[in-house]
Amino acid sequence: MIKKISFLIELLLLMVISQASWSVQYAANSDWHILSAWDNINGVYKFEASNVDIVRQCRQQPSGIVTFPTIQQAVQEVLVNNVIVSAHGMFATNQLRSYYGAPVVPCQHIINGDQLVWRIYSYAKVFAVQRTWPTVTATTPWNNVINETLAIIAAGSLPFIAVISFILFWRATDKRMMYSFALSCIFHSAFFVTIVPGFFNIQLDVMMLQKTGDSALWIGILLFAYCLMRTKLIHKVFFVMYVVTVLVSCVVILSAPNLDAAQDGTAIPFLATMLIMCSALVRVVLNTKRDGLNWHSISLMASLCVYVFSIWHDILTVEGYLYSYMIYSVGVLGGTIFFLLGIHAQLQRSIEEHDKLVVQREAAEESNRQKSAFLANMSHELRTPLNAVIGYSELLMEESRELNRPHLNSGLDNIRKSGDHLLQMINQILDLSRVEAGRLELSMKTLSVHETINAVMVLIKPDATRYNTKININLADLDSHICIYADPVRMNEIILNLLTNACKYGGGVVDVAAHSENGSVKITVTDNGIGLTDDEIKKMWQPFERLKADTTVEGTGIGLAITKNIVEMMEGNIGVHSKVHQGTTFFVSFKIADDAIMAEKMTA
């Protein structure tokens, strides 16, 4: 928090210094005779000064070069004996060669004159500032060449980066972010084109260049900020506020009557831009502290640092506090490249994590297959001796009746019942293992719903008697000719399992009903028992999950898991509605069988 406050104070101080510097129109120099000190001539600010000493220096150093300072968005003319020997831009047509260039005049063009006259035409009062004077140097300065070359490289490279990044990453990452990134590159490219209009042969006046370039600049930065927001480096609320700021700025710029008003619009988002960029940088640092240093965080930090540094550097250079090259083009190129490297690093990390998850999933699936195979083998091995135990117990019961020893029947009957119960459990485990292993075979046929339910009613009678449950059947709402497509044996198991549970945990009354709706048959089993809570409903489909821990009620907790899997294998749906102390309704639904479709399926 302290760092943020100190940063804001520093930012405000720099802005105050910059604003105060605009009042300094030109630097004093006794060698120059001021002819016009930024006089306002029809909205254009003119500065003119003459010097005879530079002519003398050139005569002493004929191979020297006269270098002139850069004045942003201004036309400069150099005259000798009232003849223009060099110019940067064309005052007559209000056209510039570049924003940041300046004349460079060989001494050979000056030595025959009496005095040198330097004229500056500024189209905005904010840039009507001159802090340094022309000097004679031994070598040609590279400022013009480097400034213009960097802008040209950026203008040409950014569309290429946009296309390449879009091709490489749009399928693998956030598509909206990649659209925004590509458009950000395009708008920044348009901005750099307006910086060097002479190279691209753009015949626009200074006003139109200013409006077009500055609007493109802020839209490009806004789109880049959207990319940062999509990577969760900028809060959505801050981004929305920044969008409003940029929109207001663009409206002011495009509707400005003069360059000073347009420049006022250009200055609106500056502070907000620095804040969101620095907040994004702080977020990257915090993420790095939490997750550790990696190429993704390094790339994002480099992108933001290069971006912010280049903006501050160029502002201080334009204001005359630094004598340097304009490097915002380098900042944008570096920022976009580092951002792409960050995306690439994030994708690589995601791929590695995905590969690990795939390996873990395959290991889990293999473990599950081995478990299912083990259960299947063990179930088979257990059923063989268990069938023998049940068979021998039945034989012994027959012998005890023949030998008239009824006192043995009770014990032998308990052995048989326990064996039957254990065999049922083993069969359920075997079914579950087959379902999980994908080896459960179904024999799909066209079934009459009425006949299927009536057949199950016969099978459920022993359990209904055992649990003292009355079962009511209501099939009046279903046409007796309606059929479904299912496995007959498994369909019986599904309904029987639901009815058995209703008898075990119901309140003594179970209602069975069926009706057709939306091309499907829905079978419901409703009891008036204790009901289920929401947490129990979420757990009930898991194998070996016994919701009501009543040890007096037989069960393994896998019946519903098997039922659900079989229903889904037969392309049906299963669900439950329940309220505590008000009962539970289970339902299964299957599509009504179409004769033509069924015939085709059965033929296949």
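The model is predicted, so local features need pLDDT of at least 70 and side-chain atom pairs pLDDT 80 or more, while totals for chains, interfaces and linings use all residues. Residues are numbered from 1 along each chain as its sequence is written, and side-chain values use heavy atoms, without hydrogens and water.

Start with the cysteines. The whole structure holds one disulfide, a term for a pair of cysteine sulfur atoms within 2.5 Å. C58 and C107 form the disulfide, with S to S at 2.4 Å. The torsion about their S-S bond is about -55 degrees, so the disulfide is left-handed. C58 lies in helix α2 (residues 53–60) and C107 in the loop between β6 (104–106) and β7 (116–122), so the bond ties together parts 49 residues apart in sequence. Helices (H or I, at least four residues) and strands (E, at least two) are DSSP runs, numbered from the N terminus.

C58 is buried at 0% relative accessibility. C107 is buried too, also at 0%. Buried means under 20% relative accessible area, with a 1.4 Å probe and protein chains only.

Now the rings. There are 19 aromatic pairs: rings of Phe, Tyr and Trp (its six-membered ring) with centres within 6.5 Å. F224 and F339 pair edge-to-face (planes over 60 degrees apart). Their centres are 5.4 Å apart, with 65 degrees between the planes. F224 is in helix α5 (residues 206–230) and F339 in helix α10 (residues 328–402), 115 residues apart. Both are buried.

Last, the charged end of K522 sits over the ring of F587, 4.4 Å from its centre. The rule asks for NZ of Lys or CZ of Arg within 6 Å of the ring centre and within 35 degrees of the ring normal.

Terms used. Phe/Tyr/Trp six-rings, centres within 6.5 Å; stacked < 30°, edge-to-face > 60°. Buried < 20%, exposed > 50% of the residue type's maximum accessible area, 1.4 Å probe, protein only.
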